[in-house]
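Welcome! Please take a moment to look over the sequence and the structure below before trying the exercises.

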Amino acid sequence: MLRLQGDAVDAINPTVELTEAERIDRLRLIRSDNVGPRTFRSLVDHFGTARAALERLPDLARRGGAQRSGRICSADEAKAELAAGRKAGIAWLAPGEDGYPPRLAMIDDAPPLLAVRGDAKTLMRPMIAIVGSRNASGAGLKFAGLLARELGEAGFVVISGLARGVDQAAHRASVETGTIAVLAGGHDCIYPPEHGDLLASILDHAGAAISEMPLGHEPRARDFPRRNRLISGASLGVVVVEAAHRSGSLITARMAAEQGREVFAVPGSPLDPRAAGANDLIKQGATLVTEAADIINAVAPIMERPLMIPASEPDSEPFETDPQGHDRDQIIGLLGPVPISIDDLVRMSGASPAIVRTVLLELELAAKLERHGGGLVSLI
C-alpha cells in the first residue's frame with residue numbers, strides 16, 4: 001500500500017500574508033449583512049480591496065431595491081472578534097496563508113477568513129474526509145475506524161465533522177496520526193457538547209479544528225451543509241460509510257463532486273436502510289471501497305498534479321457602471337423562484353456578463369437573491 005514520504009504537504013508555499021488592517025477589513029466585510037463567501041469574492045475581485053467594497057455596500061444595496069442598507073460590521077466589532085479569538089488560541093487566516101488548507105482555498109465559496117485552532121502543519125497535509133451515519137451500525141463504526149487508522153498510517157490526515165457515529169469513530173481512530181474537526185458553530189460552541197473531550201484530544205495530539213463562524217455562534221440546521229462544503233473542499237476525496245437516503249453525508253458527497261473531489265462509498269447490506277445512500281452513490285459512479293488501498297491508489301495520481309491556488313483578478317469590464325434601467329428590468333424579469341444559471345441569464349437578456357453580475361450582486365446585497373451550487377441563482 002502506498003505511503004506518503006515523511007511530512008508530505010498538500011500545498012505550494014504560502015502566497016499571502018495579510019496586514020492587520022487587511023484582516024480587520026476582511027472580517028468586517030464577511031460579517032456584514034447579506035455578504036457570503038461568493039459575494040465577498042465578487043466584491044473584492046471587482047473593487048480590489050475589502051475596504052473599497054465596504055464603502056460601496058450601501059449604494060449597491062440601494063440599487064438592488066433595498067429600502068435601507070443592511071448592517072455593516074464596524075471596525076471595533078471586528079477588532080474585538082479578532083482579540084477574543086486570539087485569547088482562545090484561534091488564528092483568522094485567509095486563503096493562501098500558512099495554515100489555511102490549500103485545497104479549501106481552491107473552491108468558489110472558500111471562507112474569506114477561517115478560524116483555525118491547532119497545528120498549522122497538520123492543516124497543510126493531504127486530507128481524506130470520512131463521513132457517515134450518526135446512527136451507524138457497529139460494523140460501520142468499526143470499518144470507519146479501520147479506514148481512518150490505515151489512512152493515518154499511510155500519511156494522510158483524516159477530516160470530518162465531529163458528529164456522533166461515523167465522524168466520531170474516524171476522529172478517534174486517527175488522533176495519533178492527525179485529524180481535523182470541522183465545526184458548524186463557533187469554536188466555543190461544540191456540537192454535540194459531549195464531544196468536547198474528543199476535540200481536546202484532537203488538539204492535544206497535533207490535530208486541528210476549523211470554523212468560519214464567530215465565537216458564540218450556536219450551530220443551526222442550515223449551518224451543517226455550510227460546514228459540509230468545508231469538509232469536502234479541504235480534502236482530496238470524501239469517503240461515505242453508511243448513509244441513509246437524504247442524509248447530510250450525501251450532501252457532502254454531492255458537494256465533493258461539484259468541487260471536483262473524488263467520491264468513495266463503502267457498500268452495505270441492501271436490507272439496512274443506513275446503507276441505502278452509500279449503495280446508491282456506488283450505482284452513480286462513486287468508487288467502491290473495501291480497504292484503505294482503494295482510496296490511496298485513487299488519489300495518488302491527483303497528488304502528483306501541481307496545486308494552484310487561484311488568484312483573484314478584477315473583471316475586464318468595469319463593474320462600477322450603473323446598469324441601465326431596461327437591462328436591470330430584463331434581467332430581473334428572467335429571475336424567479338426556480339434557479340436559473342448565470343450563463344442562461346447572460347444569453348437570454350442579451351446584456352454583458354459584467355452587467356448581469358452587477359445586477360445579481362445588487363439584488364443579493366438587498367437580500368432578494370439566493371445563490372445555489374453550480375452557478376444557479378433565484379429570487380427570494
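The exercises that follow use a predicted model, and each comes with a worked solution.

**Exercise 1. Work out how the rings of Tyr191 and Phe224 are arranged.**

Step 1: Start with the distance. The two ring centres are 5.7 Å apart, and rings pair if their centres lie within 6.5 Å.

Step 2: Turn to the angle. The ring planes stand at 65°, and planes over 60 degrees apart count as edge-to-face. The pair of Tyr191 and Phe224 is therefore edge-to-face.

Step 3: Tyr191 belongs to the loop between strand S5 (179-182) and helix H8 (196-204), while Phe224 sits in helix H9 (residues 223-233).

Step 4: Check the count. The model has 1 aromatic pair by this rule.

**Exercise 2. Trace the chain from S3 to S4 and on to S5.**

Step 1: Pair the strands. Strand S3 (residues 127-132) runs parallel to S4, with 3 bridges between them; Met127 has Val157 of S4 as its bridge partner.

Step 2: Follow the connection. From S3 the chain passes through helix H6 (residues 138-153) to S4, making a right-handed β-α-β crossover.

Step 3: Inspect the two faces of strand S4 (residues 157-160). Val157 and Ile159 are buried on one side, Val158 and Ser160 on the other, so both faces are covered.

**Exercise 3. Describe the open sheet that contains S10, S11 and S12.**

Step 1: Name the edges. Strand S10 (340-341) and strand S11 (369-372) each pair on one side only.

Step 2: Zoom in on one pairing. S10 and strand S12 (residues 376-379) share 2 bridges, and Ser341 stands opposite Leu376 in S12.

Step 3: Helix H15 (residues 353-365) lies across S11 and S12, at about 110° to S11.

**Exercise 4. Find out what surrounds the buried residues of helix H10.**

Step 1: List those residues. In helix H10 (residues 248-258), the buried ones are Ser249, Leu250, Thr252, Ala253, Met255 and Ala256.

Step 2: Find their neighbours. They pack against S3, H9, strand S7 (237-241), strand S8 (262-266) and helix H11 (276-283).

Step 3: Take Thr252 as an example. Its relative accessible area is 2%, so Thr252 is buried. Leaving out residues up to four places away in sequence, Thr252 touches Val131, Asn228, Ile231, Ser232 and Val238.

Step 4: Look at what comes just after H10. Gly260 takes a positive phi of about 80° there.

Note on methods: Residues numbered from 1 in each chain as written. Predicted model: local features only at pLDDT ≥ 70, side-chain atom pairs only at ≥ 80, totals over all residues. Heavy atoms only, no water. Phe/Tyr/Trp six-rings, centres within 6.5 Å; stacked < 30°, edge-to-face > 60°. Helix = DSSP H or I, 4+ residues; strand = E, 2+ residues; numbered from the N terminus. Pairing = 2+ DSSP bridges. Contact = heavy atoms within 4.5 Å. Axes fitted to C-alpha atoms, helices over the stretch in contact; angles between N-to-C directions. Buried < 20%, exposed > 50% of the residue type's maximum accessible area, 1.4 Å probe, protein only. Right-handed = clockwise from strand over helix to strand, strands pointing away.
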